[in-house]
Amino acid sequence: MCDGAHMRAALRVAARGLGNTWPNPAVGCVLVKDGVVIARGWTQPGGRPHAEAVALERAGEKARGATAYVTLEPCSHHGRTPPCCDALIRAGVARVVVALRDPDSRVDGRGFARLRAAGIEVEEGLMREEAAALNAGFIRRVTEGLPFVTLKLASTLDGRIATATGESRWITGDAARREVHALRARHDAVMVGSGTALTDDPELTCRIPGLDPVPMLRVVADARLRLPHGSKLVRGAREQPTWLLTGSGHRPAALAPYIEAGVEVVPIRRTPGGGLQPRAMLQALGARGVTRVMVEGGAGLAASLLKAGLVDRLVWFHAPGAMGAEGFPSLAAMGVSPLSAMPRFRLLDSRPVGDDIMTEMTKG
């Protein structure tokens, strides 16, 4: 097998960590000796141990003289775990092939320098674009202080999410809902606005048939503290981490029931109209280590993020039906006047999911 094939394998195992490794990146490592794969590893939940450490432990003495294919530059600093470049040096690997330089200022080439100083051959840049796409969330958080944002919408063909009476379950079918849970599993957090929390009383958990539930960080954007104390999100906050993003200035007595239930209250700057500033919300998530967030509505939250240009990927499930103008729209007013101000996206994929259509787009 060639270098490219082994790096593709490393990228595949790295993807297993998506949604579970924050604040660390999801990294994969494949160790090869005499053309034979001797071990694989990927970053474990919570970001430790790192991919290289997992692979080296599995390989043992076989790692001496091997080539390590790693999707991100091995770390060179002491954090929650010792430096991975030191572990590779101690193991006696002969060559390290890396897809992407780590933009973290604590690394950013220092890992490469340390490996080369130890006499290890280092090659960088193989499948750089693929590795950057995989860890777009980590890169965004490190370089801009923001997580990668996926906006998920589920609507009729004419963009409606509920009837005039508020009925919305279920617009899309079982297959689409299973796909949504799989999407959640690849994100660190799932986020909704207070309107969705009030109307649907969601759990925002990740339940995939045949697999153990995936722990999810649940985030509610609620400027006015409308989230009911008896909601599933509040009642389940001790089992599933739950953050409440709200405006500053609330009385301690108003916040106390949430805090006592285990909800973490995060103060956010307000807009002149009293809402929560979209960028400030994402900055708060990024500052706490979140790299990938999936936004599931409602219409106001989705519109505010789109208007601010903060949606990186759009995943839209279209049900094969229409409601008409009396139904509730999937997006609130955005104040788009000239057509040039309209947020635009580029098509990535469109495919049937059961009776529905799933369309994925990236920021244009």
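Arginine 288 is partly exposed, at 36% relative accessibility (partly exposed lies between buried, under 20% relative accessible area, and exposed, over 50%; 1.4 Å probe, protein chains only). The model is predicted: local features need pLDDT of at least 70, side-chain atom pairs count only at pLDDT 80 or more, and totals for chains, interfaces and linings use all residues. Residues are numbered from 1 along each chain as its sequence is written, and side-chain values use heavy atoms, with hydrogens and water left out.

Arginine 288 sits in the loop between α11 (278–287) and β12 (292–295). Helices (H or I, at least four residues) and strands (E, at least two) are DSSP runs, numbered from the N terminus. Beyond residues up to four places away in sequence, arginine 288 touches Trp22, Trp243, Glu264 and Val266 (contact means heavy atoms within 4.5 Å). Proline 23 is 265 residues from arginine 288 in sequence. Their C-alpha atoms are 7.9 Å apart.

Threonine 43 lies in the loop between β2 (36–42) and α2 (51–59). Threonine 43 is buried, with a relative accessible area of 4%.

The chain holds 12 helices and 16 strands. Of its 364 residues, 51% count as buried. Among contacts between residues at least 6 apart in sequence, 70% join residues at least 24 apart. The C-alpha trace spans about 70 × 45 × 45 Å along its principal axes.
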